[in-house]
Amino acid sequence: MPSDPALPLAGIRVVDLGWITAGAASSTLLLDLGAEVVKVEGPGAPDPFRQWEGADLGTDWWNRSPFFAFTNRGKQSLCLDLKDPRGREVLLRLLEEADVLVENFRRGVMASFGLDPAMLRQRFPRLVIASISSQGETGPDRDMVSFGSTLEATAGLAALTGAGEAPVITGRDVNYPDQVVCLFAAGAVVAALLERDRTGEGAHLDLSQRELTSFLLGEELIAAAAGAPSPRRGNLDPAEPEERLLPDGAGGWRVEWPGGSAPVRDGVALAAAEEFIRGTTVLRSPDGSPAKGIPFRFARRTLAVKESCHTLGADNRAVLAASGFPAEEIDRLEAAGVLATAPRPARRG
Amino acid sequence: MGAAMPAPLAGRRVLDLGALCAQRPHALAASMAAKLCGAYGAEVVRTLPEGGEPFAALPPLLPGGGSALDRFLNAGKRPGPATGRFDAAIGDAAALSAYAAEVPIKARLSVFGPEEPDPPMTELGLAALSGLLGIVGEAPPAPPARLAGHQIAYSAGLAACTALLAALRAGGEEMVDVSLLDVTAWLNWKVAAGVMVIGSAPVRGSAKATWFTVQARDGHVALVYQDKDWPPLRDLIGDPRLLEEPFTTGPGRGANRAALLEVIGPWFAARTRAEITEAAQARRVPIGPVKYPAELLEDAQYRARAFLAPDGTPALPLGWDGRRLAREVTDAV
């Protein structure tokens with residue numbers, strides 16, 4: 001499907017090995033800026049976001065996960081077994097024509113597929129490889145296993161957050177570092193494409209979510225280095241001393257400040273709010289389903305959700321054909337299970 | 001690799017109107033976006049109002065004078081007038097129309113979007129309106145918890161920089177609009193999508209909220225785990241009561257947090273953060289220590305990656321072919 005030629009990343013091809021949010025939603029932002037994105041998942045290792053609480057095991061539950069569809073709308077879907085040498089060869093062929101590779105596997109997984117970023121960087125010198133990880137590619141804690149909220153703790157955010165006795169993490173309903181990294185990682189990829197426009201050179205981008213979380217507390221790190229204390233201030237913002245968080249008398253809370261006030265909304269109130277409905281946080285796919293929105297607008301170029309979510313492997317043949325694979329070879333890969341349209345084995349977990 | 005330091009915005013001039021924004025969330029967001037442009041190699045000019053740098057008196061203040069906020073956001077920017085050629089400008093609507101009418105690419109911060117007037121607003125107000133405040137913290141009746149620092153404004157700054165980079169790549173003229181509320185609600189998408197997609201939103205402190213911080217001997221650790229991590233975690237703690245109801249399921253543990261803490265609390269309280277983390281990580285359970293900023297200055301991982309300067313200033317959190325982007329020219333602040 002041709003991209004809108006007016007968009008900033010028109011003609012850019014992204015191979016998306018991203019999972020859940022940090023990787024997958026970074027690629028979605030590149031899609032929204034005009035890139036073509038092929039999401040690649042293995043039949044033995046589909047995006048864990050395909051597993052969901054309401055899954056009916058008698059159905060193609062992997063195509064019905066609401067949050068997966070919400071996040072991955074509009075991407076082409078290639079279901080390719082990267083653990084099979086033939087699958088690896090297909091991916092390498094795709095990378096010959098790709099501009100960007102996004103991945104957020106556990107460190108070491110890419111190398112176990114024979115897809116070590118250093119090797120890819122040498123073999124495809126124009127490729128921009130974005131490796132999004134908890135701790136980064138190097139260092140003694142490289143292999144530490146973390147979720148977003150673990151990183152809030154290790155990065156300094158939790159220590160300074162919380163209105164009570166204990167430090168507070170956002171938990172699985174937010175996993176703040178997983179969300180915010182997308183805003184930064186997509187920008188880093190665009191920056192690397194600008195650099196490539198200048199020099200012809202791709203890049204391997206090493207994005208540590210923990211470092212980003214600490215970076216976003218930069219003034220506290222500078223203050224600590226100068227010997228200033230780092231108190232947990234609860235809901236007091238020292239820059240806004242007249243601001244207050246108050247019970248609203250009905251079991252909830254509201255914020256008041258000179259010149260304004262706001263209710264502390266829950267999800268129901270948010271979804272019903274007029275300024276939310278007019279905004280771009282949640283958009284609609286062409287099939288009418290709610291879709292992850294776009295956190296910015298351009299006055300001269302329309303950013304929109306152009307396609308709904310594709311089913312797993314829906315674009316296997318088209319993607320391979322576009323890369324020059326003859327139909328018979330695609331047939332053989334399908335018959336061998338290197339290409340698939342369902343998880344293998346088709347069960348949850 | 002021995003090549004020249006990458007500088008994607010080399011030769012570009014960016015006008016930072018953060019100090020001229022009428023409201024603080026916009027000012028912080030614009031200043032962050034401009035800081036990022038500087039880290040990517042742009043020459044950033046920050047135009048100041050008559051009263052001087054508005055962040056100079058904002059906390060956190062440094063013992064020797066000055067503001068850590070000012071240093072973090074503005075180091076490397078050149079104070080100067082909004083005159084001359086600029087490739088891009090960042091600010092609120094009024095500052096952009098007053099100072100950047102001729103600049104081809106602009107990033108405009110607003111509360112609700114380009115079509116709506118900006119009411120007086122704070123970051124806590126934005127967190128409240130977006131639902132992000134309401135979802136974080138202990139269960140009611142405890143109050144919700146504001147994320148420390150300037151997460152709302154800085155997130156908008158990240159979004160503005162990303163969109164601005166894209167507009168620079170496209171070339172020509174463009175106005176990038178970043179709504180502070182849209183960005184904050186975008187971060188909090190699971191709450192919004194919960195209602196719209198599944199019909200029910202997560203709420204603060206529900207029985208599904210099984211992650212929280214636990215007191216250790218020398219501070220706290222973040223108890224973070226998935227269902228698959230429970231058996232190794234349970235076996236690590238080794239209390240036979242954990243094999244019984246109500247602790248065998250995630251909802252059971254979530255709904256009985258006080259009882260769970262009675263069982264597991266002493267195990268955590270008897271051990272240091274490092275001991276707990278090492279034991280959990282050996283079983284691939286994603287528990288980690290709650291660390292304070294002062295501890296991060298000595299953190300082995302951050303040291304190995306040269307993330308923090310001696311004065312605590314974090315590098316751009318990005319490795320580029322194994323290197324940090326560093327400005328070759330050190331501009332006076």
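**Exercise 1. How many residues lie between strand 8 and strand 9 of chain A in their hairpin, and which residue in the turn has a positive phi?**

Before the solution, some ground rules. This is a predicted model, in which local features need pLDDT of at least 70 and side-chain atom pairs count only at pLDDT 80 or more, while totals for chains, interfaces and linings use all residues. Residues are numbered from 1 along each chain as its sequence is written, and chains are lettered from A and ligands numbered from 1 in the order in which they are written.

Step 1: find the elements. Helices (H or I, at least four residues) and strands (E, at least two) are DSSP runs, numbered from the N terminus. Strand 8 of chain A covers residues 253-257 and strand 9 of chain A covers 260-263.

Step 2: check the pairing, which takes at least two DSSP bridges between two strands. Here there are 4 bridges, and the strands run antiparallel. A:W257 has A:G260 as its bridge partner.

Step 3: read the turn. The hairpin has 2 residues between its strands, and A:G259 shows a positive phi of about 95 degrees.

**Exercise 2. Describe how helix 4 and helix 7 of chain B pack.**

Step 1: get the geometry, using axes fitted to C-alpha atoms (for helices over the stretch in contact) and angles from 0 to 180 degrees between N-to-C directions. Helix 4 (residues 123-130) and helix 7 (residues 180-187) of chain B meet at about 55 degrees, their axes 9 Å apart.

Step 2: classify the angle. Under 35 degrees is roughly parallel, over 145 roughly antiparallel, 65 to 115 roughly perpendicular and the rest oblique, so helix 4 of chain B is oblique to helix 7 of chain B.

Step 3: list the contacts (C-beta atoms, placed from the backbone, within 7 Å). Helix 4 of chain B brings B:L126, B:A127, B:L129 and B:S130, and helix 7 of chain B brings B:L180, B:L181, B:T184 and B:A185.

Step 4: check burial. A residue is buried if 20 or more other C-beta atoms lie within 10 Å of its own, exposed if 12 or fewer, and partly exposed in between, with C-beta atoms placed from the backbone. In helix 7 of chain B, 8 of its 8 residues are buried.

**Exercise 3. Find two cis peptide bonds in chain B.**

Step 1: go to B:P140 and B:P141, whose bond is cis with omega near 15 degrees. B:P141 sits in the loop between helix 5 (132-135) and helix 6 (151-170) of chain B.

Step 2: go to B:E245 and B:P246, where omega is about 0 degrees.

Terms used. Two residues are in contact if their C-beta atoms, placed from the backbone, lie within 7 Å.
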